[in-house]
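The sequence and the structure are shown first.

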Amino acid sequence: MDISVSEFLQQLGPEFMKYKQTFMENEFCDSSSLRAMNIEVDLDYMFETNPLPLGHKRKLQYALKNLESVTCAEKNEMFIAPPESSCTEKNMDKIKEKLESNLQLKEKEKADYVHKRRQMDLIISDPDPIGPLKSTRCGNCHMRGHKADGNRGNKPCTLPPCNSWKDCGQKDKHTDYKVQCKQFDKDIKNADKEIEEMSGEIARLTSFQEKANSSFIGVIKERLRQTNKKSTLIAMC
C-alpha cells in the first residue's frame, strides 16, 4: 500500500501542500514514483521556474532520501521526516514557551503576594507609654499612657493620628489591615487558579505533541510496512 503524494507532503507540514500540483504534473503521484526520483536533478527541474525556498528544499530532500532508502530491514527505523520540522510543531513550541514564560512570571507574582501576606502577620512591639496612664490607650495616636482627650488639664492628644498598624502594633484599630489581608488572600487564590490553568494547558499541549509525534511515526511505519510487504509478495511471484 503506497503513500500518496498528498500524504507524503502533509506529513512534512501543511505548508508543503502547495507543491502537490507540481509533483502530480510530473507524474510523481505516490511513494513508488517518489522513490524513483533523481532527487537533486528532478527537484531542480520541477521547480526551475519557481525555485523552492532553501529550507523547504532541504526538508524535501531529507524526506525523499529516507523514503528512497527504506528496505525490509530498515522499515521499523525509518520515517519520512521528524514531526518537529513542520510549521504546526514550531508554532506549538512557541506557544508552549510563551505559556511556560507566563507561568514563571505568575509564580513569581504569587511568591510576592505570599511574602507580603506574611508581613501582615508580623507582631509589632507595643511602643513605650507616653504619659502616666500606662493601661490607657489613646484613640488618636494609639499609644499607651494617655487618652485622645480629657487628659490632665483637659488637654487632648497632641500627637498626629496613627496612620499604620506597623507604627502602633494595634491591627484591630486599623480597618485597612483587614482589607489588605483579604486582598492579598484573594490575589494568592487567583494566582493559584491561573497557575493551575497554565500548568494544565502546558500538560495538555505536551500530551498533544507526544501523541502527534507517536501517531505520525506509527502511520508512516505502517504505510512503509504495507508497502514492503506488497513488494515482497510481488518479488515472490
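This is a predicted model: local features need pLDDT of at least 70, side-chain atom pairs count only at pLDDT 80 or more; totals for chains, interfaces and linings use all residues.

Of the 237 residues in the protein, 34% are buried.

The protein contains eight helices and two strands. Read from the N terminus, the order of elements is α-α-α-α-α-α-β-β-α-α. Among contacts with a separation of 6 or more, 59% join residues 24 or more positions apart.

The largest nonpolar core comprises 20 residues, and those with the most contacts inside it include Phe 8, Leu 9, Phe 23 and Leu 43. Two or more residues of this core come from each of the elements α1 (5-12), α4 and α5 (54-69). With neighbours within four places in sequence set aside, Leu 9 is in contact with Phe 16, Met 17, Tyr 19, Lys 20, Phe 23 and Leu 60.

Helix α4 spans residues 39-46, and its buried residues are Ile 39, Asp 42, Leu 43 and Met 46. These residues lie on the same side of α4 because they cover an arc of only 100 degrees around the axis. An α-helix has 3.6 residues a turn, so residues three or four places apart point the same way. Val 41 and Tyr 45 are exposed on the other side of α4. The table sets out the two groups.

| Group in α4 | Residues |
|---|---|
| Buried | Ile 39, Asp 42, Leu 43, Met 46 |
| Exposed, on the other side | Val 41, Tyr 45 |

Notes:
Residues are numbered from 1 along each chain as its sequence is written. Side-chain values use heavy atoms; hydrogens and water are left out. Buried means under 20% relative accessible area, exposed over 50%, partly exposed in between (1.4 Å probe, protein chains only). Helices (H or I, at least four residues) and strands (E, at least two) are DSSP runs, numbered from the N terminus. The arc is that of the directions from the helix axis to the C-beta atoms. A nonpolar core is a set of buried Ala, Val, Leu, Ile, Met, Phe, Trp, Tyr and Cys residues joined through side-chain atoms within 4.5 Å. Contact means heavy atoms within 4.5 Å.
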